[in-house]
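Have the coordinates open as you read.

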Amino acid sequence: MRIHRRNLLICSAVGLALLLAGCNDGQSATAQAPVATSAISVQDNQFEPEAAEVAAGETVTWTWEGDSDHNVVGEGFQSDVQSEGSFSQEFDRAGTYAYRCTLHSGMEGTVIVTGGDGATEEGR
Ligand SMILES: [Cu+2]
C-alpha cells in the first residue's frame with residue numbers, strides 16, 4: 001500500500017513538472033531569439049542583437065555606437081579595444097560562436113552560423 005501511494009505521488013509531481021515546462025516553453029521563445037543580421041551594434045555594455053544569425057560564408061560587422069571602450073573577443077577572432085569604428089569577421093563554418101567584451105563582465109554575444117552551401121568541410 002505504501003509503495004502504491006508513493007508512485008501516485010511521483011506521477012503527480014511529474015505531471016506538474018511537465019505542465020510547468022510546457023508553460024515556460026511558450027514564454028521563453030520570445031526572450032532571446034536570434035536575429036537574422038550580419039550587423040551588430042556595440043553599445044555601452046551590451047551587444048545588439050545579443051544573438052545574431054548569419055549563413056556560412058557571411059561577414060559579420062560590429063559597429064561601435066557607445067561612448068566607452070569595448071572589444072570583441074571570441075575563439076579565433078579579436079578586435080582592438082576601441083570606442084568607435086567597426087570590426088569585421090568572416091564566418092565560414094556553421095556553428096555557434098560565443099564572444100564577449102573583456103572590459104565588461106556580462107557583455108556577451110553569440111554569432112550563430114547556419115549551414116549554407118559549402119558549409120561542410122568534408123572535401124578538404
Ligand atoms: Cu565593453
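## Gln-82 and its surroundings

The side chain of Gln-82 reaches the backbone oxygen of Glu-84 at 3.3 Å. That's a polar contact, meaning a pair of N or O atoms within 3.5 Å; within protein, one must be able to donate a hydrogen and the other to accept it, and residues adjacent in sequence count only if both atoms are side-chain atoms. Gln-82 sits in the loop between strand E7 (77-78) and strand E8 (86-91). Strands here are DSSP runs of E with at least two residues, helices are runs of H or I with at least four, and both are numbered from the N terminus.

Is Gln-82 buried or exposed? Gln-82 counts as buried because its relative accessibility is 15%; buried means under 20% relative accessible area, exposed over 50% and partly exposed in between, with a 1.4 Å probe and protein chains only. Leaving aside residues up to four places away in sequence, Gln-82 touches Trp-64, Ser-68, Asp-69 and His-70, where a contact means heavy atoms within 4.5 Å.

## Where the model comes from

This is a predicted model: local features need pLDDT of at least 70 and side-chain atom pairs count only at pLDDT 80 or more, while totals for chains, interfaces and linings use all residues. Residues are numbered from 1 along each chain as its sequence is written, and side-chain values use heavy atoms, with hydrogens and water left out.

## Strand pairing around E5

Trp-64 also turns up in E5, standing opposite Val-42. Strands E2 (residues 39-43) and E5 (residues 58-64) run parallel and are joined by 4 bridges; two strands pair if DSSP finds at least two bridges between them. E5 and E8 run antiparallel, with 6 bridges, and Thr-59 has Glu-90 in E8 as its bridge partner.

## The core

The largest nonpolar core has 18 residues, and Ile-40, Phe-47, Trp-62, Val-72, Tyr-99 and Val-111 have the most contacts inside it. Such a core is a set of buried Ala, Val, Leu, Ile, Met, Phe, Trp, Tyr and Cys residues joined through side-chain atoms within 4.5 Å. Two or more residues come from each of E2, strand E4 (51-55), E5, E8 and strand E10 (108-114), and E5 gives the most, with 3 residues.

## The whole chain

Zooming out, the protein has 1 helix and 10 strands, in the order α-β-β-β-β-β-β-β-β-β-β from the N terminus. Buried residues make up 25% of its 124 residues.
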